[in-house]
Amino acid sequence: MSSLPDPLNKKIDQTTSSYSGSLGTKEKETLIRQDEASLEAVRQEIELTPEIKKVVEIRQEEIELPPPLPKMGVTQTGADLSVNLSSVNLPLADEKILSSRKAPITDNLRWFAEWCLKQLRKVHIKLKKENGRIVRVKT
């Protein structure tokens with residue numbers, strides 16, 4: 001008995017769910033996204049019973065730190081951390097950051113400004129120009 005070759009020449013590794021064969025990377029990405037989408041659809045269809053919800057429920061509790069840690073300067077942080085907009089200090093002024101973003105990509109100052117913007121994004125702050133002034137806005 002002869003087997004016909006697979007037209008896409010794809011093989012699925014069941015342990016890692018990865019595709020191998022003569023598919024290009026774009027085709028692999030499409031197939032993997034389709035698998036993830038079908039899994040998400042199945043997850044939404046499943047109804048959780050109250051017993052499962054009790055187990056899966058996220059419990060927020062304060063964990064007591066061992067005695068040596070506070071002596072070393074370790075402090076507890078909660079889930080709700082608030083950041084004062086003016087407390088974030090950067091090596092560039094906000095006006096300089098926004099004006100440097102228009103510099104050519106070969107300019108070092110532009111990439112330094114991009115790095116500063118990345119640091120602001122980490123604490124959910126965005127720079128915005130309002131009435132001719134640069135202001136920080138919490139996102």
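Is lysine 128 buried, partly exposed or exposed? With a relative accessible area of 40%, lysine 128 is partly exposed. The legends below describe close-up views of a predicted model.

**Figure 1. Overview of the protein chain in the predicted model.**
The secondary structure of the protein chain consists of five helices and four strands. Followed along the sequence, these elements come in the pattern β-β-α-α-α-α-α-β-β. The protein chain has 139 residues, and 14% of them are buried. Contacts can also be sorted by separation along the sequence. Among contacts between residues at least 6 apart in sequence, 27% join residues at least 24 apart.

**Figure 2. The salt bridge between arginine 101 and glutamate 114.**
The structure holds four salt bridges, and the pair shown here is arginine 101 with glutamate 114. Side chains of opposite charge can pair when their charged atoms come close. In this pair, the closest N and O atoms are 3.1 Å apart. Arginine 101 has 39% relative accessibility and counts as partly exposed. Glutamate 114, at 16% relative accessibility, counts as buried; the cut-off for buried is under 20%.

**Figure 3. Arginine 110 and its salt bridge with glutamate 114.**
Arginine 110 lies in helix H5. Its side chain meets that of glutamate 114 in a salt bridge, with an N to O distance of 3.9 Å. The two residues are four residues apart in helix H5, so about one helical turn separates glutamate 114 from arginine 110. Both glutamate 114 and arginine 110 are buried. For arginine 110 the relative accessibility is 19%, and because buried means under 20%, arginine 110 falls in that class. Setting aside neighbours within four places in sequence, arginine 110 is in contact with Ser100, Arg101, Ala103, Pro104 and Ile105. One of these contacts, Arg101, is also linked with Arg110 and Glu114 in a network of salt bridges.

**Figure 4. The salt bridge between glutamate 130 and lysine 128.**
Which residue forms a salt bridge with glutamate 130? The partner is lysine 128, and the closest N and O atoms are 3.9 Å apart. Glutamate 130 has a relative accessible area of 36% and is partly exposed. Lysine 128 is likewise partly exposed, with a relative accessible area of 40%.

**Figure 5. The aromatic pair of phenylalanine 112 and tryptophan 115.**
The structure has one aromatic pair by the rule applied. Phenylalanine 112 and tryptophan 115 form this pair, which is stacked, with 6.1 Å from centre to centre and 5° between the planes. The two residues are three residues apart in helix H5, so about one helical turn separates phenylalanine 112 from tryptophan 115. Phenylalanine 112 is partly exposed, with a relative accessible area of 33%. Tryptophan 115 also counts as partly exposed, at 41% relative accessibility.

**Figure 6. The second largest pocket and the residues that line it.**
Rolling a probe the size of a water molecule over the atoms shows where empty space is left. The second largest pocket holds about 150 Å³ of space. Its lining is made up of Leu98, Arg101, Leu117, Arg121, His124, Ile125, Lys126, Leu127 and Thr139. Among them is Arg101, the arginine that forms a salt bridge with glutamate 114. Which element gives the largest share of the lining? Strand S3 does, with three residues. H5 and strand S3 (125-130) each supply at least two residues of the lining. Sorted by class, the lining has four nonpolar, two polar and three charged residues.

**Figure 7. Valine 123 in the loop between H5 and S3.**
Valine 123 is placed in the loop between H5 and S3. Its relative accessible area is 26%, and valine 123 is partly exposed. How far apart are the C-alpha atoms of valine 123 and leucine 85? They are separated by 9.1 Å, and the two residues are 38 residues apart along the chain.

Note on methods. Residues are numbered from 1 along each chain as its sequence is written. This is a predicted model: local features need pLDDT of at least 70, side-chain atom pairs count only at pLDDT 80 or more; totals for chains, interfaces and linings use all residues. Side-chain values use heavy atoms; hydrogens and water are left out. Buried means under 20% relative accessible area, exposed over 50%, partly exposed in between (1.4 Å probe, protein chains only). On a 1 Å grid over the protein atoms alone, a cavity is a set of points where a 1.4 Å probe fits but cannot get out, and a pocket is an open set with protein on both sides within 12 Å along at least five of seven lines; lining residues have an atom within 4 Å of a point. Grid points are joined across faces, edges and corners, and a volume is the space filled by probe spheres set on the points. Ala, Val, Leu, Ile, Met, Phe, Trp, Tyr, Cys and Pro count as nonpolar, Asp, Glu, Lys and Arg as charged, and the others, Gly among them, as polar. Contact means heavy atoms within 4.5 Å. Rings of Phe, Tyr and Trp (its six-membered ring) pair if their centres lie within 6.5 Å; planes under 30 degrees apart count as stacked, over 60 as edge-to-face and the rest as tilted.
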